[in-house]
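Hi there,

Here is the structure I promised to send over. My notes on it follow below.

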Amino acid sequence: MASVFSHPAVVAGFAPLVFRARVPTRALALGAACSVLPDLDVIGFGYGIPYGHPFGHRGITHSLSFAAVVALALALLGFREGRRGGRRLAVGLFLFLCGASHGFFDAMTDGGLGVAFFAPFDNRRNFLPFRPIAVSPIGIGGFFGRRGAAILETELVWVWLPCLTLGAAGILARRRLRLR
């Protein structure tokens, strides 16, 4: 997996693309939470759930369905519709992108069994053809040392840099459109 340190970087990339004006602080916090929420499935290891099980690591919680259900629930429960409408839609889209990105980053790593993108309808695990991210250890202890530094280095290049670039492009495009 990409690390818990890097998954929230998507907030910086997606917020300027989805929101036309000021981004609600609550949406930013929930976006960061949605980006790491799929890894709660590691709790299953303690209950004997095997890695490759649909409820195992990188199973249903990493699916697009899970991201959609969580985003919809949070958007409906946590945000009222604005005067011009579309606020819940924007928040829901943003939260979905943040949650769904988790599986895509994990599918770009060089380890594990793949990601069940289409669970519960199809529990097959998949990787993306391009896998440049070093797999992160489960637990914080694995980040102290040379291997941890190498993992964070690949995440800076393949997670943080693209997310920040995407966010900057969104800000520039929005400014350019305002000037017209």
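To start with a question: is D106 buried or exposed? D106 counts as buried, because its relative accessibility is 0%; buried means under 20% relative accessible area, exposed over 50%, and partly exposed in between (1.4 Å probe, protein chains only).

Before the rest, please note that this is a predicted model, where local features need pLDDT of at least 70, side-chain atom pairs count only at pLDDT 80 or more, and totals for chains, interfaces and linings use all residues. Residues are numbered from 1 along each chain as its sequence is written, and side-chain values use heavy atoms, with hydrogens and water left out.

Salt bridges first. With a side-chain nitrogen of Lys or Arg required within 4 Å of a carboxyl oxygen of Asp or Glu, the count is two. In one, D106 pairs with R58, and the closest N and O atoms are 3.7 Å apart. This pair links distant parts of the chain, 48 residues apart: R58 is in the loop between α3 (43-46) and α4 (64-78), while D106 is in helix α5 (residues 87-106). R58 counts as buried, at 1% relative accessibility.

A salt bridge also joins R124 and D122 (2.7 Å, N to O). Here R124 is exposed, with a relative accessible area of 59%, and D122 is partly exposed at 23%.

Lastly, V157 counts as partly exposed because its relative accessibility is 41%. Helices here are DSSP runs (H or I, at least four residues), numbered from the N terminus, and V157 lies in helix α6 (residues 146-179).

Best wishes

Methods:
Helix = DSSP H or I, 4+ residues; strand = E, 2+ residues; numbered from the N terminus.
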